[in-house]
Amino acid sequence: MQIAVSVIVPAYNAEKTLERALSSILAQTLKQIEVIVVDDGSRDATREIARKFSAQDSRVRVIEKDVNEGLSAARNSGIAAATGEYIGFVDSDDWIEPDMMSKMYEGSGGADITVCGIYHDSFGESGTLAVSTRDQTGTDCIVRERSEVIRWAARLDRARLFAYTCNKLYRRERIEKSGLFFEQQTLIEDYLFNCRIWQQLQSLALIDGCYYHYIKFSQEALTQKFLPNYFEIITQRYLLMRDLFVEEGLFDGEYRGIICSMHIKHVLAGMVKNCGEKSGYTPRQQKEKIREILHDPSCCEAKKYAVASRKQERICNLIFKSGSVLLNFSFARLLFKMQTSRGRLFDKLK
């Protein structure tokens, strides 16, 4: 059987969710798939579950690692083993709609990369679905003009669809020719991979529909690991997208405004993180951090060129562009309270 899509599933201590993820993949209406489960040194029953599925369905292969090497290394192992025309990724705690692979493969038109929408499913402490939001491309089309492919990177980022690998199919030949692999990069490994591959893309297919369920539990926002270098990470994120557009001579006008506005959103998220106890910062130290951030060259550029497209963005941009330490501090404290007491409302502001 010729493989249309290789689905890579990195799994680490995923015994509670792996069965649901694999069942949703094997239930696909597109049958010409292979499933590569990479057990990344799990200490629970993950490996046994993966082996059970492999014994029941010949389309499932298991790569077993005795040492936990991390998400990027697991994905790289899956890519090296893949044989399909396209490669897709499903996280072990998520699941996909039965027609996801058929919709994307049949709608790809042979493009280098295919993108669909995402459900963001937030679950409460009781394990019941609290909120489900949808992010969609808004169109069904195939783009073959290089400059338009680049512009779509910013549009997809604004729509919360660029920074994931799970809502995309990548032509395996494009990955191999480009020599691309996932780097060990905290927080933005997917974003970095997509920026790198976007430098090589000649065509892009967009599918207007949501097929991937990205699962989030209510306590995740409260237990996020504090990253002291968060601002450096999101500055790298900004420069990756900025450089992509600069290299193509497209960093101006509307798209420069989108990229700068996205940077402001993520910088504000960093200010919110600094409000938590895990940061160890006093209010005075938080204000000093904000003062430093507001004078950073990337933030000065963002303040100058950011253009909002939605009400939430206009509010964020207005406060950030004020340059006021006190106003930004107060806004960050407000968002922190919303995040910790009414997390679902905060999700809608992202």
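Colleague: Over which ring does the charged end of Arg155 sit?
Modeller: This is a predicted model, in which local features need pLDDT of at least 70 and side-chain atom pairs count only at pLDDT 80 or more, while totals for chains, interfaces and linings use all residues. Residues are numbered from 1 along each chain as its sequence is written, and side-chain values use heavy atoms, leaving out hydrogens and water. A charge sits over a ring if NZ of Lys or CZ of Arg is within 6 Å of the ring centre and within 35 degrees of the ring normal. For Arg155, the charged end lies 4.8 Å from the centre of the ring it sits over, that of Trp152.

Colleague: How many aromatic pairs does the structure hold?
Modeller: Rings of Phe, Tyr and Trp (its six-membered ring) pair if their centres lie within 6.5 Å, with planes under 30 degrees apart counted as stacked, over 60 as edge-to-face and the rest as tilted. The number of aromatic pairs in the structure is 10.

Colleague: Why is the pair of Phe89 and Tyr170 classed as it is?
Modeller: The ring centres of Phe89 and Tyr170 are 6.0 Å apart. Their planes stand at 70°, so the pair is edge-to-face.

Colleague: Are Phe89 and Tyr170 buried or exposed?
Modeller: Buried means under 20% relative accessible area, exposed over 50%, and partly exposed in between (1.4 Å probe, protein chains only). Phe89 has a relative accessibility of 2% and Tyr170 a relative accessible area of 0%, so Phe89 counts as buried and Tyr170 is likewise buried.

Colleague: What is the angle between the planes of Phe162 and Tyr191?
Modeller: Phe162 and Tyr191 form an aromatic pair, edge-to-face, with 5.2 Å from centre to centre. The angle between their planes is 75°.
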